[in-house]
Amino acid sequence: MEILSIKDLTFSYSGSDKKVLNGLTLSINEGEFVVLYGKTGCGKSTLFKLIKKELTPAGVENGEILFKGKNKKELSLRESAEGIGFVMQSPENQIVTDRVWHELAFYMENLGYPSEKISARVGEVSNYFGITPWFGKDTVCLSGGEKQLLTLASVMTVSPSLLILDEPTARLDPIAANGFLSTIKRLNSELGITVLLCEHRLEEVLPIADKIAVMEEGKISYYGSPREVCKKIADGEYEKVLPTAAKLWNKMGREGEIPLSVKEGREYLSKMESKNQITVTEEKKGEVALEMKNVWFRYEKKEEDVLKGADATVFSGEIFSIVGGNGSGKSTMLKLLAGIKKPYRGKVIIRGKNVARMKKEELYRNNIAYLPQDPLTLFLRDKVADELGEEGKSIAEKMGMGKLLNSHPHDLSGGEQQKCALIKLLNLKPKILLLDEPTKGLDCFSKEELGRTLKSLNGITIVLVTHDLEFAASVSDRCTLMFGGEILPPPRPENFFSENNYYTTSAARIGRGMLPHAVTTEQILFGYGNEN
Amino acid sequence: MNTKEKFAYAALHPLTVALHLLGQIILGMFIMHPVFVAISLFFAVVVCFFVCGKSFLKELKFYLPFYIIVALSNPLFSHSGATPLFFLNGKPITYEATIYGIVSSGMFLSVLLWCRVWNGIMTEDKLVFLVGRRLPKIGLVLTISLRMIPRFRNKWWEIREVQSTLGDFAESGFIAQIKGAVKLFSALITHAMESAVETGMSMSARGYGLKGRSSLVLYKIRPYDIVFMCGNLFTFVAIIVGIAMGFIDYQFYPTVTPVECGSGTTGMFVLFAMQSALLVLQAIKEEAVWKYSRSRI
Amino acid sequence: MGTEMKIKMIISLLLFLVLVPLIAVGGYFLFRERGYIWVSVCIAVVSCIPFFVSFERKVSDVRKTVVLAFLVALSVLGRLVFSYLPHFKPVTAIVILAGIYLGAESGFLCGSLSVLVSNFIFGQGPWTPFQMVAWGLIGFIAGIFNAVMKKHISVLLIYGVLSGIFYSLFMDILTVLWLDGGFNGEKYLAAVTSSLPITAVYVFSNIIFLFVLVKPLGKKIERIKTKYGI
């Protein structure tokens, strides 16, 4: 049975002629798991808000939206609130109350459920989602993954029949993201809840989805089972968004059925024969740019150590990446390198000088630049142009961002914000660039561009910490893992990822045992004689 | 919050505690009788130790100078009273005013300490619970802002740290400091506003604003609470009646009344001591029950 | 809200309107020389009630709730992050702006709730109800004269100065009442004089923050109001 049907939907925001949605048609059956893919700014979020009546923005709307056969206009707010669950991107902003139990009760309180029913349901849901251990906690203390799970659990307390998720994993680390996605799959298969999910990481969602819709310029351009759609989009620009296995299939002659998961990719690859070996390039050892010697750090006297004798050496001009799960101390370590925090034991040495003894001016003028996790904290003014200065403006124009100069930094997309922040930092002419999660919330197109930009910055030493293993594998000269407050000695990414079993790229998983040292799609293609 | 406090007062309904403490604060604030003040002060200190643990010793360092200053300031300003002790700048410093200063500052201190107890036991969530029962929307405004404060505070530190790496080098001078702080604050507002809008959307998406909002009852009034409240009410009413009957009349001016020990007055003292000791008894009782239950494991 | 709730609310309102004055008068005779402070605390508590109830009875609007909570959080945070500069705080400025842009009731609520919440950090005490009324009234009056203040920034700044002085004078009353039991003109004058520098800092900080915040905050609130139609 059709649960959601959208016919010929057109929408433009009030005060603008631009049609954000332009004749969009989509039909979803009960119990389906549908993934919506589209580039940033294609109107996905607008579509989702239009489906959810309470969130409908001001503007001109034409066409029809039917939920369970009932027109949106006739749907009461209560029916919409109870029938359609909605989860957004930011785990931080969606949590309303200060206690976990209260957050779980919030939805039901709004709908006026009796108190006894609320208590019973809260208990049931927190068991199902495994929330019980932190049930009484303050919501501030939760990790990003826990917060997002709590948001989902809170939505599920009223058991909506349609669940809409707008990039729910964009701000989570890969392990938390996978956990979140498998919870959604569980809801879909165990409870039969219809899921409409918008997601950049097709790698993880395609194998579990029933259908995928690709959205372009306010319309659905492809809609069907993941295999069908992947085959269709493999020719165009969307080739880049395909899962690794499908990319290999696409470049290696397209024999047989298109593989989507790692398992299918391995099967596919095992039928092929490798032609080239991947050679691991020698480590280039130059001048030492940055050094950490036995660094210990904790935030408060009575808290636990975050860094426990971390050692690292970064050479001049290299790109050095550090990966690791949430709470491994990556970001803290970067703050120590940036001189924002000081170790209580050990030394951070930047180009021969102890950071603790350097004045701010010496440390930050033409020396170190730090890109924080939230690039918006770099901006204080209301206009991008005011932030960048004359020189920055001309760079921005060259990068095709001339149009954005007059907008508010908060109105830019994640990729654009990241770019502006980089321009602003490069304006300071730094010798060392420290990047904290530079790919957070970027789609694969912006990610590729960022990778290219970083590689082109010759002579600047870059230290980046990231969750994004694919990105780390493709850009870095050396890569290492942070664990238990220590930094493991960094080998080349080829060694690092091919030796890891769990914490590694999809390409390395597909190629394991068949093509040693291959960790990126390009390397596998090279190994099998399919360059370009 | 230390564990002892949690055990001792978690068993009580917030309303029970709130009413008890309000009673303590009202009686403590409005009865100017040396013995009453002494009783109130003594138990306030004891309960503070139960609630705050050792850290209370540090706080006492802050409270004591305040007490002394208030006690001394009265005879300097007020010159009424019949027994001059000595003269300062030609004005008499009287015995009565000094006694009044000591008693009244003891009273302020006891009220401050009872408020400190309030702060320790009646955490925000309990207050929100009490407010939210009668005034749900205001309760919600309170809840949301309580959730936003730590979030914004973290953001504030984040912005400050990041901006310090961007060449904001000259940070000396009062005006420059204010200027910098105000600029950061205005940036914080922008950030906070954006996230508040998203919070609002998440609330509407979950049906906030529909008619007929209910609320989860977290604390239930149990028989024990009723016993506690009845005891409290009895002593409170009895003391009020006692005041109306003039049992605890006390005069400082023109001469200080000697403390009488008639049966009515003594009864008042005992009742007030009983009422002030309720939280202490509660803590001891919980401790005993806990020890007993543990011994059976 | 069901009729049952409504009846409950009316009853509790009546209870407050009848009971509290009774308690006040009774307390006055009971506590004699401490009677003044008793009555004034009662008045402070009672005068908050109608504002709270009228806010409660209006239609619940998500955006208004959130923006109000946002402003409360902001002023509490302002009090917190500027605590290293004694008495220099943006609370009054934010409360005034809340009154102007969200209406008189919300102004009162913003002021009084900011006090209630921030005193969890700075300490609750008998001063809490007084501060609640003082800051609440500052926001409420700003809400009444919102049209003039939106138009002329000079009026707004003058109001900032006046409210700084008002707050200081008002809290000095409490100081004297509390310390002395009765109202003593001489002591009041002494309290006012000794708090003159603090009053000056209040006024100064009000002007600074109003001047700096009125544009960005006003613009933001207006933007959200038009975008989401509060």
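Below are my entries, in the order I made them.

**Entry 1: what kind of model**
I began with a reminder to myself that this is a predicted model. Local features need pLDDT of at least 70 here, so I kept that in mind while reading on.

**Entry 2: chain A on its own**
I looked up the secondary structure of chain A and found 20 helices and 20 strands. Next I checked its dimensions: the C-alpha atoms of chain A fill a box of roughly 70 × 60 × 50 Å along the principal axes. How does the radius of gyration of chain A sit against that of a compact globule? For 532 residues the globule rule gives a value near 24 Å, and chain A has 24 Å, so the two agree.

**Entry 3: the domains of chain B**
I turned to chain B and looked up its domain assignment. Domain 1 of chain B is made of two stretches, 3-127 and 220-296, while domain 2 covers 129-205. I noted 38 Å between the centres of these two domains, taken over C-alpha atoms.

How many residues bring domain 1 and domain 2 of chain B into contact? I found 9 residues of domain 1 in contact with 4 residues of domain 2. Together the two domains bury about 510 Å², with 72% of it on carbon and sulfur atoms. I looked for salt bridges between domain 1 and domain 2 of chain B and the count was 0. Polar contacts between these domains came to 5 residue pairs, both residues at pLDDT 80 or more.

Which helices of chain B supply at least two residues each to the domain 1 side? They are helix 2 (14-30) and helix 6 (124-134). Helix 6 of chain B gives the most to that side, with 4 residues. Sorted by class, the side of domain 1 that touches domain 2 has 5 nonpolar, 1 polar and 3 charged residues.

**Entry 4: chain B against chain A**
Here I found 45 residues from chain B and 57 residues from chain A in the contact. Chain B and chain A bury about 4,700 Å² between them, and carbon and sulfur atoms carry 61% of it. The salt-bridge count between chain B and chain A is 6. I picked out A:Glu92 and B:Arg151, whose side chains meet in a salt bridge at 3.9 Å, N to O. I also noted 14 residue pairs in polar contact across the interface of chain B and chain A, both residues at pLDDT 80 or more.

On the chain B side, helix 7 (136-164) and helix 8 (174-205) each supply at least two residues. By class, this side of chain B has 18 nonpolar, 14 polar and 13 charged residues.

**Entry 5: chain C against chain B**
My last stop was the interface of chain C and chain B, where 65 residues of chain C are in contact with 63 residues of chain B. The buried area is about 5,900 Å², and carbon and sulfur atoms give 78% of it. How many salt bridges does the rule find across the interface of chain C and chain B? The answer is 0. I found 2 residue pairs in polar contact between chain C and chain B, both residues at pLDDT 80 or more.

Several helices of chain C each supply at least two residues to the side that touches chain B, including helix 1 (3-31), helix 5 (104-122) and helix 10 (196-228). Helix 3 of chain C gives the most, with 14 residues.

Conventions: Residues numbered from 1 in each chain as written. Chains lettered and ligands numbered in written order. Heavy atoms only, no water. Contact = heavy atoms within 4.5 Å. Buried area = accessible area lost by both parts, 1.4 Å probe. Salt bridge = Lys/Arg side-chain N within 4 Å of Asp/Glu carboxyl O. Polar contact = N/O pair within 3.5 Å; in protein donor to acceptor, adjacent residues only side chain to side chain. Domains from an automatic or database assignment. Nonpolar A, V, L, I, M, F, W, Y, C, P; charged D, E, K, R; others polar. Rg over C-alpha atoms; globule rule 2.2 N^0.38 Å.
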